[in-house]
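Here's a quick tour of one protein chain, made for someone new to reading structures. Have a look at the model first, then we'll walk through a few spots together.

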Amino acid sequence: MSLLLGRRSLFPRRLNIPFFLRTFSSSRPTFSKLEGISETPQERQLPEHAVISTFDLFSIGVGPSSSHTVGPMRAGKIFITDLKELQLLKKVATVKINLYGSLAATGKGHHTPQAILLGLEGSDPETIIPTTIESRYNNILANKVLLLGGDHIIHYDMDRDMLWRWDQVLPTHPNGMRFSAFDEDGDLLATNEYYSVGGGFVVNDKTQVDENLFYKGVDKSVVPPARLHQTHSLTEPTLNSPSLEPPSSSRSSQHNDDTIPDAEAGPPHPFESGNSLLALTQKHNMTIAQIVYDNEKSFGYSDEDIHKKIFRIWSVMDECIQTGVTTNATTLPGRLGLRRRAPILYRRLMRGFYPGVMSPPSNNARIEADSNPSETFGGSIDAPKSRGEKFNQTKQGSSFETMGARIVDPAIPSAKRAPRVIGAFDHPLLPEPPRKTMIPAMDFLSCYAIAVNEVNASGGRIVTSPTNGAAGVIPAVLKYIIEFVSDDPDKSIMTFLLTASAIGMLFKRGSTISAAEGGCQAEVGVACSMAAGGFAACMVSSPETVLQAAEIGIEHNLGLTCDPIDGLVQVPCIERNSLGAVKAVTAAQLSLASHGVYSVTLDEAIEAMRLTASDMSVKYKETSLSGLATTVKIPLSVPAW
């Protein structure tokens, strides 16, 4: 904890004067004059290695944004938790909240006020019930009452107590917020600044450098020591260096024995770059997923814990896809009134509008959200009803045509309306006849990604992977693997997510996963890279090929901007996830076909992304000040289906 108590700090740092004691002009300055934006690059301070827990990188929360919703909610709860520990909570009469930079610019569309206030009431992103958020927020606004920590009532006036400083950026990160607590006499009890740095991670001034001091564990007294301290002195692994493994007789017994390594010792396989990760895999003859698995045990997790947590993450991802394709809602919240497309896409696929769906025994057209994928896949969603009739699809394919592999709905008459041809027939160049797609697997891939991001846009339960704005890419590609590729879903889920997390760690250390720092290349670009690597790993690729797939995934997303229309995580975010998922599969296929011949390494691509992010205008970093956010006029016209 590093709260500032009046003029006495628990850590020796300067007490910033709260903004509400300052004056500023109400005129809107140009962004070239924004406070806190440095024209010269600052010297970078990196953690000694990239290893963090997979379960910090993939965390369960709510939409629509990891940096603007999940992070601020965590920050609010952290602030209240620290006040309780200092026995100051009961003295608080007023709380002032200042939002800076990107948080202020697009916070309303990203539900930042709701997240902070409910965090101050003690809610957590993983356990809060998404359907209660809006009603609780409206109750706070209407009654002007805030229940701090769930049991201390104070008066809270939104217009007076939450200030939006979009024109000022704090030095540490564009997503800055300051919380200040006052007593009945107006005296300052405590204050702190928090930064939501992407992926739901929150830091303050004293934790901005130390990687594992990120506030993922709100109650830091119960966090495993390895997540709080990095005692490992990193040396670049080489193939000729002596083995760090136990004697030969204990290698296999180590994995059979479910003991947890000493958490104080740090991860057994620390890596700081793609090259060092590759050297580790070669040195120990292990896959990337195995390296990450062993590192997880240093964070206090047993084999059973790791298995349960991985499948819990996948369960939420899969349930998110299921929710997205089966919802009865027709539009997304917000002024755009954007129409949901996942349910329509899924109904079309299941009804056989697109030929080529594989017939059983693989039953590829199914979709399910089982909490335990190791059991028999029996939770498939029934195909949608049509004209009041149920589409009687059986698992063994009595409703499928063989060879043509087309799903047949007996309730639909065989006679079809003649397709409409657009174009003149009295022209030397005749119009093309209507055609239907012949790659239904890719159509399912796009449908899955869109489903997840529509759930995210509506504030539903989501997995940050590695962010909410890019939360559709990784679930869609993994679902694609399970449905169309894998013969062993359990192993594929473990391999995919652990491999993807290793790649995400490299980006987090070497560049950023925050759109406010790097634009959408830091979100969809990173997710595409992670998914590409995970896909390649599930195709039994070498670690070198996996990293090459990840490199291709990010290389062709460099420079991707973040300019959400109306500050909502909808346009272009939802479609961009669909394209990111398709790119990820394509990147993996390219790497598999290259036979180890490539020109750019993943480390070079990550550094290129960092430099691109540094050069990118702040207008394209989740501020909605340029690009599509300014060229598209609201209300947005949505073409009819």
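Let's start with strand β9, which spans residues 188-196: eight of its nine residues are buried, so the rest of the structure largely encloses this strand. Keep in mind that you're looking at a predicted model.

**Strand β9 and its partners**
- On one side of the story is strand β8 (residues 176-182), which pairs with β9 in the antiparallel sense over seven bridges.
- Which residue of β10 is the bridge partner of Y195? That's V203.
- In the hairpin of β9 and β10, five residues sit between the strands, and G198 has a positive phi near 105 degrees.
- Here's a handy rule for looking at strands: in a regular strand, side chains alternate between the two faces of the sheet.

**The whole chain**
- The chain holds 21 helices and eleven strands.
- Of its 641 residues, 56% are buried.
- Take the contacts between residues at least 6 apart in sequence: 75% of them join residues at least 24 apart.
- The chain's accessible surface is about 27600 Å², and carbon and sulfur atoms account for 52% of that.

**Empty space inside**
- How do you find gaps in a model? Rolling a probe the size of a water molecule over the atoms shows where empty space is left.
- The count here is four cavities of 30 Å³ or more.
- The largest cavity has about 150 Å³ of space.
- Its lining is made up of 18 residues, and G469, E523, C562, V569 and C573 are the closest to the centre of this cavity.
- Helices can be traced in that lining too: α2 (66-85) and α19 (573-594) each supply at least two residues of it.
- Sorted by type, the lining of the largest cavity has eight nonpolar, six polar and four charged residues.

**A stop at A608**
- A608 lies in helix α20, which covers residues 602-615.
- Is A608 buried or partly exposed? Its relative accessibility is 25%, so A608 counts as partly exposed.
- A608 and I554 are 54 residues apart in sequence, and their C-alpha atoms are 9.8 Å apart in space.

Methods:
Residues numbered from 1 in each chain as written. Predicted model: local features only at pLDDT ≥ 70, side-chain atom pairs only at ≥ 80, totals over all residues. Heavy atoms only, no water. Helix = DSSP H or I, 4+ residues; strand = E, 2+ residues; numbered from the N terminus. Buried < 20%, exposed > 50% of the residue type's maximum accessible area, 1.4 Å probe, protein only. Pairing = 2+ DSSP bridges. 1 Å grid on protein atoms, 1.4 Å probe; cavity = no way out; pocket = protein on both sides within 12 Å on 5 of 7 lines; lining within 4 Å. Points joined across faces, edges and corners; volume = space filled by probe spheres on them. Nonpolar A, V, L, I, M, F, W, Y, C, P; charged D, E, K, R; others polar. Contact = heavy atoms within 4.5 Å. Areas by Shrake-Rupley, 256 points an atom, 1.4 Å probe, with all protein chains shown as cover.
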